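I set aside some time with this chain and kept notes as I went. Have a look at it first, and then read along with me.

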Amino acid sequence: TTRASTYGVNGAVSCLKESQMTRTAFLLLGLLAAPPASPQAVTFTKFDQNHSTIGFVVPILGEMSEVHGKFKAFAATLVYDASDITKSSIDATIDAASLDTGIEDRDAHLRSPDFFDVAEHPSIRFRSTAIASRNGQLVAIGILSMRGVDKPIELPFAVKGLDVDSASGMVSIGVSADMALNRQDYGIAWRHAIPAFVGDQIGVRIRLISRLTPGATTPPPAP
């Protein structure tokens, strides 16, 4: 009787363990099969150009002063994947003739062959080939095409925020980027009578905010 009882207890314990293992296995399979909670990619193509800036800063006489300007017209397609930033991308085209420094004569000179030569090269384009995250810093790796020159660059950037409209579920995004470019790399070699008057290292300052765009969880419009 004692041996039978022992076998009975051992069998019950064994069955209990098998049952627990089975439940654990099903739970793990359920977790693995569940879709990720992160949102899917959102494609932004409409930007608020009244509240966005693609600007540049030109040093004067070794940074004794500086000239600020911006491009007033551009188009961009930004794909943002919050669940995997490496699947994001950016393709932006700037209307070179839309440059504005606030002085018409200077702007006309900047549009001339001495600088941007907008008649021959009407657009400036950046298209990413990869997006990386390096120690918390997002970087858009790609090709900048300006004045007939294509050069690889790395553009550090930050996502300033996502704003979701509670009524429609649509979303807008804010992005910023800052870097420096050497104008000589793109054939912009004009010199003032005072050689050091206009510097070569041009600061680039980008602040973009999109218009409301359907988010990844927003159902498509009815046909």
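These are my entries, going from the whole chain down to single residues.

**Entry 1: the whole chain.** I reminded myself at the start that this is a predicted model. I looked up the secondary structure and found two helices and 11 strands. Reading along the sequence, I wrote down the pattern α-β-β-β-β-β-β-α-β-β-β-β-β. The chain has 223 residues, and 32% of them are buried. For the accessible surface I noted about 13800 Å², with 58% of it belonging to carbon and sulfur atoms. I also checked the contacts with a separation of 6 or more: 55% of these join residues 24 or more positions apart.

**Entry 2: the sheet.** In what order do the 11 strands stand in the sheet? I traced β1-β4-β5-β7-β8-β9-β10-β11-β2-β3-β6, an open sheet with antiparallel pairing. The edges are β1 (42–44) and β6 (99–100); each has a single partner strand, so one side of each is left without a neighbour in the sheet.

**Entry 3: strand β5.** Next I picked β5, residues 89–95, and asked which side chains point to which face. Ile 90, Ala 92 and Ile 94 point to one face and are buried.

**Entry 4: the partners of β5.** I counted six bridges between β5 and strand β4 (residues 74–80), which run antiparallel. With strand β7 (residues 123–134), β5 pairs over five bridges, again in the antiparallel sense. In β4, Ala 76 stands opposite Ala 92, and in β7 the bridge partner of Ala 92 is Phe 126.

**Entry 5: β8 and β9.** Moving along the sheet, I found nine bridges joining β8 (residues 137–146) to β9 (residues 149–164), and these strands run antiparallel. One pair I jotted down is Ile 141 with its bridge partner Glu 154 in β9.

**Entry 6: Lys 151.** My last stop was Lys 151, which is found in β9. How exposed is Lys 151? Its relative accessible area is 28%. Since buried means under 20% and exposed means over 50%, Lys 151 counts as partly exposed. Leaving aside neighbours within four places in sequence, I listed its contacts as Gly 142, Ile 143, Leu 144, Asp 185 and Tyr 186. I also looked back to Phe 126: 25 residues separate it from Lys 151 in sequence, and the C-alpha to C-alpha distance is 9.7 Å.

Note on methods. Residues are numbered from 1 along each chain as its sequence is written. This is a predicted model: local features need pLDDT of at least 70, side-chain atom pairs count only at pLDDT 80 or more; totals for chains, interfaces and linings use all residues. Side-chain values use heavy atoms; hydrogens and water are left out. Two strands pair if DSSP finds at least two bridges between them. Helices (H or I, at least four residues) and strands (E, at least two) are DSSP runs, numbered from the N terminus. Buried means under 20% relative accessible area, exposed over 50%, partly exposed in between (1.4 Å probe, protein chains only). Contact means heavy atoms within 4.5 Å. Accessible areas come from the Shrake-Rupley method with a 1.4 Å probe; for residues, only the protein chains shown count as cover.
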